Amino acid sequence: MSLATLVKPAAQPAAARRRNIADLLAPLNRLAATSPNLVVNHDARFEQGEESFELPRYLFVGPRGGDTPIRIGIFAGIHGDEPEGVYALIQFIQMLEARPELATGYYLSFYPVCNPTGFEDNTRHSRRGRDLNREFWRNSAEPEVRLLEAELQSRSFQGIISLHTDDTSDGFYGFVRGATLTRHLIEPALAAAEKFLPRNTLPVIDGFPARRGVISDCYEGVLSAPPKIRPRPFELILETPAAPPEYLKQCAFVAALQTILVEYQKFIAYAPNL
Ligand SMILES: [Zn+2]
């Protein structure tokens, strides 16, 4: 045995262990280059230390429906150590690209990596040590929050969906906020996810009272519509358990998202008659 084999390799520098967002999003950017439906926007940027970061944004323009397009914002990865939602959004966009009819009548704005530094580092907090999902509409100085608030202000979303992971939960569940109809969207969404992952049916989840996997309360400062906006959009936070295999978590998220689009479209169609 030579001495060389006894010498441990030097610890890798931190940067080499980081996740790579450029590699992660390369498939989407390749799609956007030729897609008639998918648009990528690289203009939302911020500085962190010596580095410049992009807050990635994609717009998927579905085939024309009858009326004005329905604007929905879908967000993932605001907690950097919850990659499930990030991967699920990438998969969902790829699915829409293959079957654009699923997005008929929609303008879907996607924010797959809302906390780029946290995603790189695999930490809940941003590299500045903040839980970004407690900073919204509180005069936050965090650049990611300000960029996302600007999007939430300017896009006037009719629906806002956020994807999260809960490593203390054995089942899939969700938070509802905003418009009353949100309750009619969450049940079919959870039922769709339930084909892949069990639902969390405990009476208390994450410290909040829950009913069949639905929580109506919420933490202050989470990513949400601007406080003064009326009418309120529907707001859904979907939470997957952490433990199941990756593909099941992605399937559950994708099935829930697809179902929300179908159900909201139905709601819009019936709304004039209500
Ligand atoms: Zn989270």
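Visitor: At what angle do helix 7 (residues 182-193) and helix 8 (residues 246-270) pack, and how far apart are their axes?

Guide: In this predicted model, the two helices pack at an angle of about 145°, and their axes lie 8 Å apart; the crossing in which helix 7 passes helix 8 is right-handed.

Visitor: Which residues make the contact, and what makes a pair count as being in contact?

Guide: Two residues are in contact if their C-beta atoms lie within 7 Å, and on the side of helix 7 the contact is made by His184, Leu185, Pro188, Ala189, Ala192 and Ala193, while the residues of helix 8 include Ala252, Thr259, Glu263 and Phe267. By class, the contact has eleven nonpolar, two polar and one charged residues.

Visitor: Why is Asn122 called partly exposed?

Guide: Asn122 has 13 other C-beta atoms within 10 Å, and because a residue is exposed at 12 or fewer and buried at 20 or more, Asn122 is partly exposed. Asn122 is placed in the loop between helix 5 (116-121) and helix 6 (143-155), and its phi is positive, near 60°.

Visitor: What is the omega of the peptide bond that joins Arg230 and Pro231?

Guide: Omega is about -5° for this bond, which is cis, whereas most peptide bonds are trans.

Key
Residues numbered from 1 in each chain as written. Predicted model: local features only at pLDDT ≥ 70, side-chain atom pairs only at ≥ 80, totals over all residues. Helix = DSSP H or I, 4+ residues; strand = E, 2+ residues; numbered from the N terminus. Axes fitted to C-alpha atoms, helices over the stretch in contact; angles between N-to-C directions. Left-handed = near helix turned anticlockwise from the far one by under 90°. Nonpolar A, V, L, I, M, F, W, Y, C, P; charged D, E, K, R; others polar.
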